[in-house]
Amino acid sequence: MSIAYWSTMDTEIGPFTAVVAGDGAVLASGWTADVGELTPLISPSLAPGEVHQRQDLGPVSTAIRRYHDGDLDAVADVEVRQRSGAFREHAWEILRKVPAGESVSYAEYAALAENPAAVRAAASACAKNAAALFVPCHRVVRTGGGVGNFRWGVPAKQWLLTHEAA
């Protein structure tokens, strides 16, 4: 039985919680104080048998603090572990390569994921992303620049885009 750990910290957008595997890989994260909102997002093949709270998640907590303090690349090298279909997993990896301060449209995201016709699948990859911030789905916007939707709320997405543009 695997054990995962979670911690919540305050950020300018509100509480941010991360769930990490025993080896420190992020399994789920987002702007919530309720770990119960995150654990269902973890793929069943990765779901831990137990989840325990910790004050600090080491490098993951450090990266979260540093990102919110302005070091926008602090989260880029944190390991993330998600499972899904081949396109979605590839799309999440591609999204991690979109630099902070830049955004792409859903159509551009589909093209970057090597399937320009898969705009809906690209949007679905964003919607199913369990590791917000570490897999920066907030950097995907509507064609024409509209912010679009975000699991953690449009105000949070707008804050992230503004924070990264500064």
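Between domain 1 and domain 2 of this predicted model, the count of salt bridges is zero. To see where that count applies, select residues 3-69 as domain 1 and residues 86-164 as domain 2, which are the bounds given by the domain assignment of the protein chain, and colour each in its own way. The centres of these two domains, taken over C-alpha atoms, are separated by 20 Å.

Now turn to the place where the two domains meet, and display the side chains there. In this region 17 residues of domain 1 are in contact with 14 residues of domain 2. The size of an interface is often given as the accessible area lost when the parts come together. Here domain 1 and domain 2 bury about 1,400 Å² between them, and 74% of that area is on carbon and sulfur atoms.

Next, select residues 154-165, which form helix α6, a run of twelve residues that reaches 16 Å from its first C-alpha to its last, close to the 16 Å expected at 1.5 Å a residue. Which residues of α6 are buried? They are Ala 156, Lys 157, Leu 160, Leu 161, His 163 and Glu 164. If you look down the axis of α6, these buried residues fall within an arc of 160°, so they line one face of the helix. On the other side of α6 you will find Pro 155 and Ala 165, which are exposed.

Definitions and conventions:
Residues are numbered from 1 along each chain as its sequence is written. This is a predicted model: local features need pLDDT of at least 70, side-chain atom pairs count only at pLDDT 80 or more; totals for chains, interfaces and linings use all residues. Side-chain values use heavy atoms; hydrogens and water are left out. Helices (H or I, at least four residues) and strands (E, at least two) are DSSP runs, numbered from the N terminus. The expected span of a helix is 1.5 Å times one less than its number of residues. Buried means under 20% relative accessible area, exposed over 50%, partly exposed in between (1.4 Å probe, protein chains only). The arc is that of the directions from the helix axis to the C-beta atoms. Domain bounds come from an automatic or database domain assignment. Contact means heavy atoms within 4.5 Å. Buried area is the accessible area (1.4 Å probe) that two parts lose on being put together, summed over both. A salt bridge is a side-chain nitrogen of Lys or Arg within 4 Å of a carboxyl oxygen of Asp or Glu.
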